[in-house]
Amino acid sequence: MVKAVVLGASGGIGQPLSLLLKASPLVDELALYDVVNTPGVAADLSHISSTAKITGYLPKDDGLKNALTGADIVVIPAGIPRKPGMTRDDLFKINAGIVRDLATGIAAHSPKAFVLVISNPVNSTVPIAAEVLKAAGVFDPKRLFGVTTLDVVRAETFTQVYSGKKVPSDATVPVIGGHSGPTIVPLFSKVSPKFEIPADKYEDLVHRVQFGGDEVVKAKDGAGSATLSMAYAGFRFAEAVIKASKGEKGIVEPTFVYLPGVAGGDEIVKATGVEFFSTPVELGPNGAEKAINILDGVTAREQELIAEAIKGLQTNIETGVQFIKNPA
Ligand code: NAI
């Protein structure tokens, strides 16, 4: 039996993500939590004839506790999204507090659940969740994930133009680093099956993967950021975690994890100097079983991109850690 919980379930990402989870045969119970509208969203989705039992909670009457109790997997798209001209770091002030409070609830009511953080800036909100769970004595690095799957999905999609391969089945494009602008590093030298990207298109393609989110923010013109593609990506990652937890083998997805707590992670810390990093991770019954180091053999240009990503990540991670350790 799998109980999935969505925190921020009434939002632009939360609603389509909840729809996908409700429709999934992998989910037996689905609890929706938000500060608004969950009774309506849950009532609407409850008419879908899939097996998952669905409930909706608001903060009143211990809603967060009741949503989280018994959870196997908790997905967090709660928070405010970007408007044109904003970076993901501009969201920090509000979303940091939201993620802190939700992680406090998880520590108290579902400390063993897999926790998937979508709320931006992921490079900082994941360290925030880690610090909250650590302080409560329940941090298991194998169970905390920053969801960077949308970067992978974008890389797969934008790459089709150059590769002539159909996605998602044919091309796996690893994207490493973090989840904002220059911290996002697609490794085209590691694409499988292999293909060449024309030299004059390479920088455009990298830029599009790094800043693809801006295309959506601009097109939505003040009405938010990526929601539908993010729901697709968030569901794809949640599904991978659930399938691996049920014993399916060979599932590997890039995700932003606390490396020192995951097998194979120390080697990547040594190479990058950062403790949180997105890298392909082999998933298993206990979550992140192995962090796979794919840094060897990258091109000189990819080395530069990685170095740039590490610089940004160091600041983002420290900002998150300090938000909990030394609150202003
Ligand atoms: P939205 O504003 O449409 O929805 C956010 C929801 O969170 C709202 O329903 C709101 O009521 C709820 N919420 C606010 N405070 C809450 C709290 N304390 N507890 C529970 N729920 C709360 O925003 P949208 O577009 O769904 O984006 C959500 C987050 O996801 C943003 O931070 C956005 O930047 C991020 N995002 C992450 C991506 C990724 O690749 N990881 C991609 C796109 C967006």
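In what follows, Ala, Val, Leu, Ile, Met, Phe, Trp, Tyr, Cys and Pro count as nonpolar, Asp, Glu, Lys and Arg as charged, and the others, Gly among them, as polar. The model is predicted: local features need pLDDT of at least 70, side-chain atom pairs count only at pLDDT 80 or more, and totals for chains, interfaces and linings use all residues. Residue numbers start from 1 along each chain as its sequence is written.

**Overall fold**

The protein chain has 10 helices and 11 strands; these are DSSP runs numbered from the N terminus, with helices being H or I of at least four residues and strands E of at least two. The C-alpha trace spans about 60 × 45 × 45 Å along its principal axes. For 328 residues, a compact globule would have a radius of gyration near 20 Å, so the 19 Å of the protein chain agrees. That radius is taken over C-alpha atoms, and the globule rule is 2.2 Å times the number of residues to the power 0.38.

UniProt, in an unreviewed entry, places "domain: Lactate/malate dehydrogenase N-terminal" at residues 3–146. UniProt positions follow the numbering used here, feature names are shortened, and annotations may be inferred rather than shown by experiment. The span 3–146 is 39% helix and 18% strand, and its end C-alpha atoms lie 20 Å apart.

**Ligand shell**

Around the ligand there are 34 residues, of which Gly8, Gly11, Gly12, Ile13 and Asn120 come nearest; a residue counts as near if its C-beta atom, placed from the backbone, lies within 6 Å. The shell divides into 18 nonpolar, 13 polar and three charged residues. Helix α4 gives the most to it, with four residues.

**Helices α4 and α5**

Helix α4 (residues 92–109) and helix α5 (residues 122–135) have axes that come within 9 Å and cross at roughly 35°. Axes are lines fitted to C-alpha atoms, for helices over the stretch in contact, and angles run from 0 to 180 degrees between N-to-C directions. The residues in contact (C-beta atoms, placed from the backbone, within 7 Å) include Phe92, Val99 and Arg100 of α4 and Ile128 and Leu133 of α5. This contact of α4 with α5 divides into nine nonpolar, four polar and one charged.

**Backbone features in loops**

| Feature | Value | Loop |
|---|---|---|
| cis peptide bond, asparagine 120 and proline 121 | omega about -5° | proline 121: between β5 (114–117) and α5 |
| cis peptide bond, serine 192 and proline 193 | omega about -5° | proline 193: between β8 (184–186) and α7 (199–220) |
| positive phi, aspartate 61 | phi near 55° | aspartate 61: between β3 (53–57) and α3 (63–68) |

Conventions: Two residues are in contact if their C-beta atoms, placed from the backbone, lie within 7 Å.
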